[in-house]
Amino acid sequence: MTNFSTLKPKKVLFIATRQIGDVLVTTPLISKARELWPDAEFHFLGYKGKLDMLKGNPDIDQIIETSDRPGFGEYLSLFNQLFQRYDLAFVTQPSDRAYLYGLVAAFHRVGVLGGHPQGKQSNANKQNAWKKFISMHTVEVDYFTQHVITEKLRLLEVFFRNPSDLFANPINVTPPIGEPLTPVIASELTHAYVVIHPGPLTAYKRWPLGHWQKLITYIVNRGFQVVLSASPAKQDLQLNHDILSLLEPKVRQKVIDTAGKLSIPQAGSLLRAASLYIGVDTSITHLAAACNTPTIALFGATPPTNFGPWPNGFIGVQPYQLRARTQTVGNITILQGPGECVPCRKAGCLDRADSNSECLDLLEPAQVIEAVEKILERK
């Protein structure tokens, strides 16, 4: 590996053209890069509507937004805005488009290279050849054994005389600054509350409705309010509605539905004051962890070793085991369902977005309740 520890870029571009969770997990990389280059100007390129995770980030000087499907005119405008403006680009997603943006924008590039999600043989080597050719350093994705935070941080390896120094100190994810809750929601929060986020981006990461009903009933009977969180997406609004419809009236009175009513910075404010957060494998679960809220994450097909919420302050490259029914690191507890196939890294049992995941179906509410009790006993 060539060492570029003497490189001192003046302008740096970070590229993350995916979802809001993918933006959030770049923040340790950005923080570490700031330590290396305290006087450099840092810009961030990502998709419109996906960059609220960076609101108020002290290390970012400028945010550049682009559509996820730009037309010719937008491509041309972006080309003119980016062309050779940067000394260095960090391509944190393995897509062709992200690499093309890096090629246009910067004189030098480092980037992440993709592969088959289940680690099988694929055409990735051929697809990655040109990306390696235009990059001074690349890091290959390992969906089972390498955590995504480690993956991003390793993009800095070539700039350290001793790459192990990257992981010698506590590593933290930087959440967005908070914003005040709306007066209506703030007035409904009368005592200690638990935030629950049941809606993932895809169906195969869902936990069954009846399980949520049992868990919420238990939490309310334990003396807490429950705040249901959700994105404005139609399927998430419907999911919350379906859960609420299962609750007994006395329980329902203690549940606040904030579905689609909070910005990401407002969600951060809500999470910081929560007694506990419970959610599936989704970006808000990562935000809860970044806000240092006690977090229970329900994992099915996704390996926690790759995308488990990072426990702030952890020192090292890997917080988690690949398979464990229950594991706790710092303020994060990850629960997995039964089965030798867990985690498979497929899109559910049918390997498609609308599939169920039997491992989540079989993750009983009693297992989650036991984890809740352990956290509440420590508080």
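## Helix α8 meets α9

In which hand, left or right, does α8 pass α9? In this predicted model, the crossing of these two helices is right-handed. The residues that touch are Leu209, Gly210, Trp212, Gln213 and Ile216 on the α8 side, and Leu239, Asp242, Ile243 and Leu246 on the α9 side. Sorted by class, this contact has six nonpolar, two polar and one charged residues.

To find the two helices in the structure, look for residues 209-221 (α8) and residues 234-246 (α9). Their axes come within 9 Å and cross at roughly 55°. That angle makes α8 oblique to α9.

## Helix α8 meets α15

Now follow α8 to another neighbour: helix α15, made of residues 365-378. Here too the axes come within 9 Å, and they cross at roughly 30°. Angles under 35 degrees count as roughly parallel, so α8 and α15 are described as roughly parallel to each other. The crossing of α8 and α15 is right-handed.

Which residues of α8 meet α15? They are His211, Lys214, Leu215 and Tyr218, and their partners in α15 are Pro365, Val368, Ile369, Val372 and Glu373. By class, the contact of α8 with α15 has six nonpolar, one polar and two charged residues.

## The largest pocket

Next, let us turn to the open spaces. The largest pocket holds about 1300 Å³ of space, and 49 residues line it. If you want to find its centre, look for Gln19, Gly21, Asp22, Leu201 and Ser283, the lining residues that lie nearest to it. Several helices give two or more residues to this lining: α1 (20-24), α6 (148-153), α9, α11 (264-272), α12 (283-290) and α13 (304-307).

## The cavity

How many cavities of 30 Å³ or more does the structure hold? There is one. The largest cavity has a volume of about 40 Å³. Around it you will find Leu24, Val25, His147, Ile149, Val173, His286, Ala289, Ala290 and Trp310.

Helix α12 gives the most to this lining, with three residues. As for classes, the lining of the largest cavity has seven nonpolar and two polar residues, and no charged ones.

How values were computed: Residues numbered from 1 in each chain as written. Predicted model: local features only at pLDDT ≥ 70, side-chain atom pairs only at ≥ 80, totals over all residues. Heavy atoms only, no water. Axes fitted to C-alpha atoms, helices over the stretch in contact; angles between N-to-C directions. Helix = DSSP H or I, 4+ residues; strand = E, 2+ residues; numbered from the N terminus. Parallel < 35°, antiparallel > 145°, perpendicular 65-115°, else oblique. Left-handed = near helix turned anticlockwise from the far one by under 90°. Contact = heavy atoms within 4.5 Å. Nonpolar A, V, L, I, M, F, W, Y, C, P; charged D, E, K, R; others polar. 1 Å grid on protein atoms, 1.4 Å probe; cavity = no way out; pocket = protein on both sides within 12 Å on 5 of 7 lines; lining within 4 Å. Points joined across faces, edges and corners; volume = space filled by probe spheres on them.
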